[in-house]
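Please find below a short note on the structure shown here. The points take up a pair of helices and then a strand with its neighbours.

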Amino acid sequence: MAKAPVLTPRADDFPRWYQDLINKAELADNGPVRGTMVIRPYGYGLWERMQAEMDARIKETGTQNAYFPLLIPQSYLTREADHVEGFAPELAVVTHGGGKELEEPAVVRPTSEMIINDYFSKWVQSYRDLPLLINQWANVVRWELRPRLFLRTTEFLWQEGRTAHATEEDARVFASHIHRQVYEDFMTNVLAMDVVPGRKTVKERFAGAINTLTLEGMMGDGKALQMATSHELGQNFARAFNTSYLSKDGTQELVWQTSWGSTTRMIGALVMMHGDDNGLRVPPRLAQTQVVVLAIKGDEPVLAKVREIGDRLKAAGIRVHIDDRTDTPFGRRAVDWELKGVPVRVEIGPRDLENGTAMVARRIPGGKEAIAVEDLVRLLPAVLEEDQALLLAQSRERRESRTTEVSTFDEAVEAAVADGWARIPWATLGEDGEARLAEHGVTVRCLVAEDGSVPSADDTPGNVAVVARAY
């Protein structure tokens, strides 16, 4: 009899494959309250690496980290009408505390615009206080009707940036900088994800914003996933909270603001964009373990060599894990590391020891090769960089091969329903066509300029709508 696959094949049932992989790669479990999740150590390690890479980029902009309360007075959310309308269906509200009914209900934060703006109005007095650049790493709660681990959960982790500026131009430039130099750079160069930077339509724009910039990625099944967003908030929140400053000219002016965020959804994207039927494939620059060195048998000379190789690779700056659990069968351990997507396995047994070689298995392109032990430190850094580039190239090839240039509404729907993307002139589709797309479970993911850049306005001549089904 044929051996049963470890994972449900993607071609048979992509959603089931996704759930299988998250479970068997030990990324997360469902929490006890519907829609919540327990992020397991291996999954949280991926998030820690994402945090570290993004936090460094965020701080390079001059932004500082802070922390704001989890509970927000309900009255705060009524100060900006569009904002509260956008979040109302997702709110979790605390009405009792300490055995008593609260004088005012408290909302478990779905986002922190409101409470951060309240404090911005206290901290900003003069033009000298601007720009004010704040970021928060936190959890938020949005009551999801159809939860799915990492993609849509009632509680998730994220970073949320909030800034205040003296002019509209300063805010626009900063929002764009976060969009391209922080988010796109991280996703392209660390996550090895081909993403499309664009501008959201008015319908898809963040509640309370005057412009939303997005990064859209194509998953392995052809659907789109919104990866991160950066918003120009104009003066909407400044007006609601009276966040004003004394200008150099001695006049009181409202600030111009931005907000921007990315979440643990990126772990779900990592699974769906790079995973295959054997498990996860982690980009080497992201991987908490870039190389695992495995002892095939428990002979002391083998164990000594495994530890020696591990130490030498660590000294060369490679993130290494030594697997000397020889009481667990080697085959099972190899499958586990393959499921977890560790880029390179270095396998050492008695025969390898005699030959002065190690068997090197590359997770991303696949295949094994015997390499002299003395060459490992020299060769593996280049191997890791090759595999990083390969993942990015594969994700780009998928998007390009499954994106169709169309000229009619029907062609756009056909391409999207067939698990691909369509590019259609926005002047042809328009807001009426966008509304009709919803009848087919299809949305405009973003608007892009003809040359692929981000358009400066919704109605810029030549704008192209990227159309797809999405998570």
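**Notes on a helix pair and a strand**

1. In this predicted model, helix H1 (residues 14-24) packs with helix H7 (residues 265-274) at an angle of about 120°, and their axes are 11 Å apart. That angle makes H1 oblique to H7, because angles over 145 degrees count as roughly antiparallel, 65 to 115 as roughly perpendicular, and under 35 as roughly parallel, with the rest oblique. The crossing in which H1 passes H7 is right-handed.

2. Which residues bring the two helices into contact? From H1 come Phe14, Trp17, Tyr18 and Leu21, and these meet Gly268, Val271 and Met272 of H7. Sorted by class, the contact of H1 with H7 has 6 nonpolar residues, 1 polar residue and no charged residues.

3. Attention now turns to strand E17 (residues 344-348), where 5 of the 5 residues are buried, so the strand is largely enclosed by the rest of the structure. In a regular strand, side chains alternate between the two faces of the sheet. In E17, Val344, Val346 and Ile348 point one way, while Arg345 and Glu347 point the other way. The residues on both sides, Arg345 and Glu347 included, are all buried.

4. How does E17 pair with its neighbours, in the parallel or the antiparallel sense? With strand E15 (residues 291-295), E17 pairs in the parallel sense over 5 bridges; here Val344 of E17 is the bridge partner of Val291. With strand E18 (residues 357-362), E17 pairs in the antiparallel sense over 4 bridges, and Arg345 stands opposite Ala361 in E18.

Definitions and conventions: Residues numbered from 1 in each chain as written. Predicted model: local features only at pLDDT ≥ 70, side-chain atom pairs only at ≥ 80, totals over all residues. Heavy atoms only, no water. Axes fitted to C-alpha atoms, helices over the stretch in contact; angles between N-to-C directions. Left-handed = near helix turned anticlockwise from the far one by under 90°. Contact = heavy atoms within 4.5 Å. Nonpolar A, V, L, I, M, F, W, Y, C, P; charged D, E, K, R; others polar. Buried < 20%, exposed > 50% of the residue type's maximum accessible area, 1.4 Å probe, protein only. Pairing = 2+ DSSP bridges.
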